[in-house]
There are 2 protein chains.
Amino acid sequence: MATTFYGALITPTTLTEYRALPRALLSVSRATGDIEWLEDDVAAGEVQDVIARHGAASESVDVVRLKLGEFLIPGFVDTHIHAPQVPNLGSGQEHELLDWLSEVTFPMESRFADADFAKRAYSSVIRRTLDYGSTTCCYYGTLHAEATKILADVIHGYGQRAFVGKCNMNRNSPEYYVEPSAEASLTATRELIAHIRALPPPPDAPASEPLVRPILTPRFAISCTGALLDGLGRLAAEDPALAIQTHISENESEIVLTKKLFPPGSLPSPPPLPNRKEKTQTARPKPKGTDPGVTYAGVYDAFGLLRRNTILAHGVHLEEEEVALIKARGAGISHCPTSNFNLRSGSARIGMLLDHGIKVGLGTDVSGGFSPSILTAVQHASMCAKVVALRTGTTPAHTRFTDRQLPMATLFYLATRGGAEVCDLQTRIGSLEKGKAFDALVVSVRSEAGNPAVWGMDTAEELEMGLARDGKARAKTEREELAGMLERFLFCGDDRNVRRVYVQGKFVGGKEWRQ
Amino acid sequence: MATTFYGALITPTTLTEYRALPRALLSVSRATGDIEWLEDDVAAGEVQDVIARHGAASESVDVVRLKLGEFLIPGFVDTHIHAPQVPNLGSGQEHELLDWLSEVTFPMESRFADADFAKRAYSSVIRRTLDYGSTTCCYYGTLHAEATKILADVIHGYGQRAFVGKCNMNRNSPEYYVEPSAEASLTATRELIAHIRALPPPPDAPASEPLVRPILTPRFAISCTGALLDGLGRLAAEDPALAIQTHISENESEIVLTKKLFPPGSLPSPPPLPNRKEKTQTARPKPKGTDPGVTYAGVYDAFGLLRRNTILAHGVHLEEEEVALIKARGAGISHCPTSNFNLRSGSARIGMLLDHGIKVGLGTDVSGGFSPSILTAVQHASMCAKVVALRTGTTPAHTRFTDRQLPMATLFYLATRGGAEVCDLQTRIGSLEKGKAFDALVVSVRSEAGNPAVWGMDTAEELEMGLARDGKARAKTEREELAGMLERFLFCGDDRNVRRVYVQGKFVGGKEWRQ
């Protein structure tokens, strides 16, 4: 029993390359939700023959045929989103980080003490992120264990792949929204982890692995006492598969306060490093006057919270030493350009991080970012890289990505496969390949999608009209046509162009799901 | 005979203030399309009484009642858009200006030699810009007189307010897309002007003034010989009401080439200046090594092309002397941040220009910009100002706008009233006031608008949920609620939130028009 898709398919391969297949035939097992096989150039008349050659009886196979202007891509991975802040989308543009937290964010989050409110709000939130094509999300909940269990339940019901954590925050937070002690915070965390791990598979779930996973979520170092970070580090050490997410080096004031809260000598010794030889010559030098012994990343590392399944949001102002440390630990960066522009945090040097071999994905950072769509994050990641390149002035001669604009292929990679790496799920998702889960989108750049920002490509004439760049000369190759459609979707698309959303082989969202 | 709107209304007053009226009653004359009167605080039960007090018989008045979450604002003014580039939306992100012109733009524009193609493409283009809420647009056509007449005809048929110009370009353009001589370019320009001025009023047009106006459109100095600019200057001098649009100081290579093409001594004497005392101490100093006698703005000025109805797109790298000159001439700047990020042109110092009293509006600059929506331009103008502020580092103590982030009120002003000023139409459009044309949008931030990026505000509860910022404390004032809705629309809205578009009192676009 399988579902087979026939039509265009685009999937990332490396940071600078992707496969663009005009006539792909891809088969998804209905039993497992995984991709059984992928053939890359099948003529229209040969579809049934190829299916038969793979040993399937034709009556057990549904064939979904994509139209001109439609194509399959891997689902987006949103590596940083605050679920309880979605109702605040488009509020508070005037603030920087620390004021924005106290004026806009904490008041909203505190309302999730009310379980009814949480249930209504989260149902609406998850519907939206799925319909925007985020097949995997790394969610911060609030500090409330109950509301965050509800969040996990809602995600589980909708069939999205996700990491769900409750915020740990027992200091430097308003008195109406703070945990009473490190111990209370740790107890609530253990309770949430147990709840998520006990979620039953949905009745029609094809997957053998859980879609919803727990994640440790110390909000940021500022909001956690050393005792709390120490307790979280112990939890992590007991359970190497347990993911970790937090914020790092978003804003200058935040960095100063973090260093003040964790002076040298206040920190335990970090676990031994596998490799201290990493070179970081082009990263940012440590600011003068700061203590040589403490970095923001070093605080997390001292408590054992920096490892290959740690997701660090922002990393706008990382120092050289931190870049080396993050690389050595194998942690990943969630790049959140919308938020970084919006809260005036700065422009992260993503190209430099890529040149250091650090894993990078994209995050919407709702509602520091004002859009729930990874498409907006793609556009702003492009703009952020261009701002960094302009700031440097001349294009550096000997770098691959550092201080350069990011090519389309790289942006596509960050939104999909890069996000999968940051989540340490690269063997299961992030690209469309045999053996991976079918987490995918059917995208349409046709007029009937109804998004007037996309010049429709329903007919061969419109296709040519939209893509012709060379006056009267040669026609586009099929690969160039697909590249044009991908660029158009990434820069002009919205939820209307996301026709179908699949997670682990199951149809769970998109424009056609709502209709 | 009148149409009267009852509900919330938001309209700009100054660069930093707007009126937000929860219970406005506004009457539009069906004979003229102008706003007859506006009352600012009318109880629901008093609507008929107030209408009667204004002397209207109730049977001759339609009352449109807006719902909670709906509000009236002035229509957007897109002060810079290339109509023939709309089919290229979302293409060519990898190029800077001059390469982008030759690789992406000129090949598409050359196709408008075909009148059938032009008619089909432009019909689709104008439908889109109207539905995004751009009630006035400053359009560049191609170099073709015929295609640009078609553009004017289509706009006229749809009832949009617009300036329409054909590009003047007789050098430094590809041989398949260049005018044969200055004289041919001028003849075609005169022909287009005559065509536009002879357009009949539409059968049911309420306006006594033309909606579609001609505009001189030297593409940029690089593409025009001195003889062509001189001819255009003479045309302008004969006709002070004739508007002018061109590009200025978008990209560093463009500036260098412009100065090379117009060396000192090659320029005629400009018309006398009314005021040479303008101070521009905070503008950009002239780059070292450039000739002291020539600026980019000075080239246009020498030919008499800089005046109060001149629209200058970009102004990213203006020198001190140019800022003073533009101010003295009363010309306006079209700020196109999407394009400036996208083509790596730089970040315009809009706050500095505002502090110098220069008129500024927003432009989408399709397809240098990848969005046809002024909402995107608002978001990117905010981001651009934040990038400029970050570049400077510290917030300057003694400036109002220079190198600071732009408040919501300023962004709203630029998108509406600022654009009207740049078009020299500030007495007729740009705000909702007695005696002005009713160029307006009915906006909805309700869930039923169908845009999942906007947290719906259909009910009092959702309204409070969306806007509460202070935990359990006081309720929002009505003005704060409206401010929240405006911010949400500007940062998260799209065409689905633009329910109805009116130009000169006539319902001509928006989501409800299409349904």
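Residues are numbered from 1 along each chain as its sequence is written, and chains are lettered from A and ligands numbered from 1 in the order in which they are written. In this predicted model local features need pLDDT of at least 70 and side-chain atom pairs count only at pLDDT 80 or more, while totals for chains, interfaces and linings use all residues; side-chain values use heavy atoms, with hydrogens and water left out.

**Symmetry of the two chains**

Chain A is superposed on chain B by a rotation of 180° with 0.0 Å of shift along its axis, at an RMSD of 0.0 Å. The superposition is by least squares on the C-alpha atoms of residues with pLDDT of at least 70 in both copies. The two copies are thus related as by a two-fold rotation axis. Both copies use the same surface, since 100% of the contact residues of chain A recur in chain B; contact means heavy atoms within 4.5 Å.

Helices (H or I, at least four residues) and strands (E, at least two) are DSSP runs, numbered from the N terminus. Helix α7 of chain B spans residues 252-261, and its residues E254(B), I255(B), T258(B) and K259(B) are buried. Buried means under 20% relative accessible area, exposed over 50% and partly exposed in between, with a 1.4 Å probe and protein chains only. The four cover an arc of only 130° around the axis, which puts them on the same side of α7(B); the arc is that of the directions from the helix axis to the C-beta atoms. An α-helix has 3.6 residues a turn, so residues three or four places apart point the same way. The face of α7(B) turned away from the buried side carries the exposed residues V256(B) and K260(B). Among the elements covering the buried residues are α2 (97-110), β11 (243-248) and α8 (296-302) of chain B.

In chain A, E109(A) belongs to helix α2 (residues 97-110) and is buried, with a relative accessible area of 0%. Not counting residues up to four places away in sequence, E109(A) touches several residues, including H82(A), H144(A), Y177(A) and R219(A).

**Aromatic contacts**

Over all chains there are 27 aromatic pairs. Rings of Phe, Tyr and Trp (its six-membered ring) pair if their centres lie within 6.5 Å; planes under 30 degrees apart count as stacked, over 60 as edge-to-face and the rest as tilted. Two edge-to-face pairs are listed below.

| Pair | Centre to centre | Angle between planes |
|---|---|---|
| F262(A) and F303(A) | 6.3 Å | 70° |
| F5(B) and Y502(B) | 5.3 Å | 85° |

F5(B) lies in strand β1 (residues 2-14) and Y502(B) in strand β16 (residues 498-503) of chain B, so this pair ties together parts that are 497 residues apart in sequence. F5(B) is buried at 2% relative accessibility, and Y502(B) is buried at 5%. In chain A, ring pairs link F5(A), F438(A), Y502(A) and F507(A) into a cluster.

The charged end of R127(B) sits over the ring of Y158(B), 5.1 Å from its centre. That of R479(B) sits over the ring of Y18(B), at 4.9 Å. Such an arrangement requires NZ of Lys or CZ of Arg within 6 Å of the ring centre and within 35 degrees of the ring normal.

**Cysteines**

The structure holds 0 disulfides over all chains, a disulfide being a pair of cysteine sulfur atoms within 2.5 Å. The sulfur of C167(B) is 9.0 Å from the closest cysteine sulfur, in C224(B), which is too far for a bond.
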